[in-house]
Each structure stands twice: as C-alpha cells, then as structure tokens.
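Hi,

Here's the structure I promised to pass on. Have a look, and my notes follow below.

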Amino acid sequence: MNILEITGEPIGTGGQEMFIINVLRHINMKDLKIDLLTPYYCENEIYREEVVNKGGQVYCIGLPFAPGGFRWNIMKPLNRFLKVNCYDVVHIHSGSTSMLMLCSLVARWNGIKKIIVHSHCTGYVKSMKYYLLKMLTYPVLRFIPSDYCACSVEAGMWKFPKRIVKTKLQVVKNGIDLTKFHMDNEKKAQLAPHDLLNIADGTIVIGHVGRFSFVKNQEFLIEVLSLVKQRNIDVKLMLIGTGETLHEIRDLVKVRDLENEVLFVGAIPNVYDYMQAMDIFAFPSRWEGLGIVGIEAQAVGLPVIASDVIP
C-alpha cells in the first residue's frame, strides 16, 4: 500500500511533523510504503533521513511559504505530482483549513478514495475571516474526505463541520516515547553545567521547543528574559527549533542585548537530552491543538509555565 503524508507547512520541528515521524518510527511497515510531501521546503534533514531509512521519499515542491493566506497556488503542482505518483491513501496534516480542503480536492480529482484530513491546531480568534473560511471550505470538508482526525476535540471543532465532529471525528492521541522522555538525574547532572551549551553551574535555564512562528510567540519569551535580566538573575533561555521567524527573533535578541543569555540550539533529533538541561519549560503559544511538547516536558519532570490557550 502506497501512502502519502502531506504536511501543509515546511518540514521543520513542528508538532505535526513530529507526529508523522513518531508514527513512522513505531508503525509496522510490512506491506507499506510511506512518503512525505510538503508544498514548501524541508529544513529538517534528520527527518528526511528517517523517512528514507524507512523506504520512503521526501518530496518538496519548493513554493514560498506565506502563512495566513488562502493557498490556491498549491493546487496545480500537487495535481501534477499526483498524476505521475500513484497512492492508495493520502493523509493530510495542516494548521490551515484551506490546505486541508485544497489537498482533499486535488486527491479526489486523481481518483484517491482514502483521504484522511488531520487537524493539529486551533486558532487565535474567531474573526469574520474565520467564519468566511469555514463557509467556503464546508462543502468540500463535509463530503470529500473519507476520514477525519484531530489531536483534540478542540482542534477538530476549529477545522471541521459540527456534524462531522459529532459523528466521524477520531481523536488520535499524540503518544510520546517514555523510554526517551523521562527524568534522568544522571544525564541532568552531566548536561546542566555543559561547556558545549555555555551554561554555568547554578544558572537557571528556561527552555522552549517549537517552530519559530507567530503561533509559538517566542518574542514574548525574549521580553520576559529582558525583564528577568534587569533583576540580575543568572538565567539563560534555550530555544530549540527552526522556522520562518527565526531571523526576527535573532534580531530582537540583539536589540535587547541578550546574545549571551539566549541559546539557539536549532533542529536536533534528541530534544529529550536537551530538556534534561532545562529547569523550567515555557510554553507561550497564541494557540495550540494539543501542545505535545508540554507533555514531553512534564514527562521529563519539568515544571511547565503555559499560556491559557493550551488545550
């Protein structure tokens, strides 16, 4: 069976890519070939390597990523791709309702019957734009997909028609590997004063894991760190991930004169090891579908300070 996992955002360090890779790591691959496609680009070569090692391919169409708009531009290149690559199942992941709708439509044009739409997030505010988008996508999302998944009921309600949520929605719990995400006092003792991270013994480490994007609100953490520094507290902020607002956050760190206090770790395969070096996990997202990194942080034994929109 040929399966195509489509992610509606670039392949980076986000929760939906993490979900796909976690499933890939543990699924029984007998009689399965699983490929991964993004209309944009891949900035996580570790994930690419894992897909290839499982016998799949990672396809990047190479479109510019402009979150927030209606993404009509993905339809033609995706249609061309599906005309020459045959799949039995298309599983669509996105924080964008329009992406779920457009990819479903193109998949149906190409005769694919098993079309799974998967919501991984909620949103910021139910504006007029939100209601217009729901009206526009309602006919396609009600009748085209064969299956509806979400990481939480809230994430399903945000994307899908109410009737679908009541009758067809499957909440797929985002499992975590407790052999990796657990409290490890020996590793914590090794990492806390680690020279590689430039963290002195006794320094308080505030940690955050997430894609650099408007949703994740890293700029709030920089403002908080600036206030903490004014109180002469020995603290560092560890930011793990990559994404479209990374350069903006780096610029803000320079403006606030915090270059010695902020550690940009990048995209790494062993987040669980770096969590051992943290003292507090900060989770200031503007919205989330579930917030799995908060659960991972708790599994490691960290106190989590989260915004009030984390489901």
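How much of the accessible surface of the protein belongs to carbon and sulfur atoms? The share is 57%, out of about 15000 Å² in total (Shrake-Rupley method, 1.4 Å probe).

Before the rest, a word on where this comes from. It's a predicted model, where local features need pLDDT of at least 70 and side-chain atom pairs count only at pLDDT 80 or more, while totals for chains, interfaces and linings use all residues. Residues are numbered from 1 along each chain as its sequence is written, and side-chain values use heavy atoms, leaving out hydrogens and water.

On the overall build, the protein has twelve helices and twelve strands (DSSP runs, H or I of at least four residues for helices and E of at least two for strands, numbered from the N terminus). Its C-alpha trace spans about 60 × 45 × 35 Å along the principal axes. Of the 311 residues, 52% are buried, meaning under 20% relative accessible area with a 1.4 Å probe, protein chains only.

On the α3 side, the contact is made by M75, L78, N79 and L82, and α4 brings in L102, C103, L105, V106, A107 and W109. Contact here means heavy atoms within 4.5 Å.

Cheers

Conventions
Buried < 20%, exposed > 50% of the residue type's maximum accessible area, 1.4 Å probe, protein only.
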